[in-house]
Amino acid sequence: MTNCEARERRMRILLAGGAGAIGRQLTPALVAAGHEVWATSRDAGKASVIEATGARPLVMDVYDTESVEQAFARSRPDAVLHELTALADLDFAANSRVRIEGTRTLVDAARRHGVDRMIAQSISWVVPDGDTLATEDEPFAAGVTPGVPELESTVLELPNGVVLRYGQFYGPGTWRAPGAPETLAALEGRLRPMARVIDFVHVADAASATVLALDWPHGVVNIVDDEPAEAAQWMPVYAAAVGAPPPSIPSDLREGRPVSNALARSRGWRPRFSSWRQGFTLPEGGVAQP
């Protein structure tokens with residue numbers, strides 16, 4: 001199938017993780033593109049949240065094979081969007097389990113149901129430190145975030161598996177949003193494991209890239225904005241946006257690595273917020289005002 005044919009075809013989409021920050025942005029974008037969306041949550045109480053975005057709600061626990069089978073049987077998807085995480089309580093071990101066990105469950109179910117197209121959420125900060133823009137061809141860094149290599153390799157077993165390495169999210173429903181649990185003090189405390197240079201992407205821009213990725217070929221694609229962010233630059237801008245005093249920046253942060261979005265741009269993606277400077281300070285960015 002050509003990209004043109006894929007765009008013209010109305011797909012049935014199974015969105016695993018429909019009540020999360022990106023799920024709530026994704027569903028309206030998918031519906032606007034003409035797709036039928038079935039979105040999952042483990043919590044039946046979130047059905048109204050999912051329905052409000054335009055999707056049909058499904059209760060699915062990725063660790064319960066029967067509920068996964070029922071979700072696939074009801075939705076009969078042409079494609080699966082894997083946006084499952086377990087970070088509500090900053091439980092990184094639980095999130096690694098989702099990446100490893102949850103991804104395997106979804107891929108195996110997709111095979112059983114004849115689905116060969118899956119788009120999955122990964123992260124961009126997985127490459128070795130350096131000064132040059134990192135592309136998708138870079139190897140994983142030593143000590144990469146647990147579960148990421150397993151997630152990516154599992155999704156890429158599918159003929160039309162696409163892995164999107166999102167930058168760090170900000171915007172509505174994320175840690176970096178009005179009233180979010182990630183206060184400036186918490187951000188400052190987390191700088192030690194973070195890097196001097198990181199990459200951001202607004203959650204709505206991540207969603208728009210994910211819709212486009214339904215037409216993209218097998219492989220890995222970085223989804224970050226146009227301006228890599230140094231801690232000494234982005235932290236004061238964020239502080240000003242939320243009305244907090246400028247934070248102190250440790251001098252011994254590891255270097256990190258700026259990441260290129262050239263491949264995504266070559267495939268037609270254009271972030272609405274090309275820089276975190278713009279997104280942090282504008283109400284539309286979902287940070288400066290509720």
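Author: Please note that the model is predicted.

Reader: Why is A39 called buried?

Author: A residue counts as buried when its relative accessible area is under 20%. A39 has a value of 0%, so the label "buried" applies to A39. A39 belongs to strand β2.

Reader: Which residues does A39 touch, leaving out those up to four places away in sequence?

Author: They are L15, G18, I50, A55, R56, P57 and L58; touching here requires heavy atoms within 4.5 Å. As for V80, which is 41 residues apart from A39 along the chain, the two C-alpha atoms are separated by 10.0 Å.

Reader: What makes a group of residues a nonpolar core?

Author: The members must be buried residues of the kinds Ala, Val, Leu, Ile, Met, Phe, Trp, Tyr and Cys, joined through side-chain atoms within 4.5 Å. The largest such set here has 32 residues, and L164 and I223 have the most contacts inside it. At least two of its residues come from each of β1, α2, β2, β4, β6, α8 and β10. Helix α8 gives the largest share, five residues. Another core, of 24 residues, lies apart from it and includes A16, V98, M118 and V163.

Reader: Which residues are in contact with L164, its neighbours within four places in sequence aside?

Author: L164 is in contact with I119, A120, Q121, S122, I123, A209, T210, A213, W216, V221 and I223.

Reader: How do you know that the buried residues of α9 line one face of the helix?

Author: The buried residues of α9, which spans residues 231-241, are A231, W234, M235, Y238, A239 and A241. Viewed down the axis of α9, they fall within an arc of 160 degrees, so they line one face. On the other side of this helix, A232 and A240 are exposed. Just after α9, G243 has a positive phi of about 75 degrees.

Note on methods
Residues are numbered from 1 along each chain as its sequence is written. This is a predicted model: local features need pLDDT of at least 70, side-chain atom pairs count only at pLDDT 80 or more; totals for chains, interfaces and linings use all residues. Side-chain values use heavy atoms; hydrogens and water are left out. Buried means under 20% relative accessible area, exposed over 50%, partly exposed in between (1.4 Å probe, protein chains only). Helices (H or I, at least four residues) and strands (E, at least two) are DSSP runs, numbered from the N terminus. The arc is that of the directions from the helix axis to the C-beta atoms.
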